[in-house]
Amino acid sequence: MPRTYRRKTSWGSTPLEEIERAASEVKGGKSIRSVAKERQIDRSTLRRYIKKRDTQEVKSVGYSGTASAKRVFSEEVEKELAEHIKKLAEQFHGISPKKCRELALELAGRNNIVLP
């Protein structure tokens, strides 16, 4: 019998639009605690979102700092690299993960991108 995963918490399930509306209410003068209670959003999530929105553009709700901190390529370059790897995979019956990493390293070297 297959296992079925059942989520035990509601973390990260609040839509971005709902948090955006709550953040605009807070900016309008209401307290974070009262807005969070009205809209049934965790207040620390709301506070984290407001703080993140002030410094940069927010694309999703939740923790994404670790992934963006170690990001090497921009989204456009990464998309271009993915397309190139797909073309090579079609031509040569697949590419090993090691070869993909070598291609990424070569691309970073040619474009003078600093690696972490």
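**Exercise 1. Describe how helices α1 and α2 pack, beginning with the handedness of their crossing.**

Solution. In this predicted model, helix α1 passes α2 in a right-handed crossing, a term used when the near helix is turned clockwise from the far one by less than a right angle, anticlockwise being left-handed. The helices are DSSP runs (H or I, at least four residues) numbered from the N terminus, and α1 covers residues 16-27. Residues are numbered from 1 along each chain as its sequence is written, side-chain values use heavy atoms without hydrogens and water, and local features need pLDDT of at least 70, side-chain atom pairs count only at pLDDT 80 or more, while totals for chains, interfaces and linings use all residues.

The next step is geometry: two packed helices are described by the angle between their axes and the distance between the axes. The axes of α1 and α2 come within 9 Å and cross at roughly 145°, where axes are lines fitted to C-alpha atoms over the stretch in contact, and angles run from 0 to 180 degrees between N-to-C directions.

The last step is to list the residues in contact (heavy atoms within 4.5 Å). Helix α1 contributes E18, R21, A22, E25 and V26, and α2 contributes I32, V35, E38 and R39. By class, these residues divide into 4 nonpolar, no polar and 5 charged, with Ala, Val, Leu, Ile, Met, Phe, Trp, Tyr, Cys and Pro counted as nonpolar, Asp, Glu, Lys and Arg as charged, and the others, Gly among them, as polar.

**Exercise 2. Work out how α2 and α3 are oriented to each other, and which residues make the contact.**

Solution. Helix α2 (residues 32-39) and helix α3 (residues 43-55) pack at an angle of about 120°, with their axes 9 Å apart. The two helices are therefore oblique to each other, since angles under 35 degrees count as roughly parallel, over 145 as roughly antiparallel, 65 to 115 as roughly perpendicular and the rest as oblique. Here, too, the crossing of α2 past α3 is right-handed. On the side of α2 the contact is made by I32, R33, V35 and A36, and on the side of α3 by R43, L46, R47 and I50; this gives 5 nonpolar, no polar and 3 charged residues.

**Exercise 3. Decide whether E18, L46 and R33 are buried or exposed.**

Solution. The cut-offs come first: buried means under 20% relative accessible area, exposed over 50%, and partly exposed in between (1.4 Å probe, protein chains only). E18, in helix α1, has a relative accessible area of 18% and is therefore buried; leaving aside neighbours within four places in sequence, E18 is in contact with R39 and I41. L46, in helix α3, is buried at 0%, and its contacts beyond four places in sequence include I19, A23 and V26. R33, in helix α2, is exposed at 55%.

**Exercise 4. Examine the backbone of Q40, and say where this residue lies.**

Solution. Q40 has a positive phi of about 55° although it is not a glycine. The residue sits in the loop between α2 and α3 and, at 72% relative accessibility, counts as exposed.
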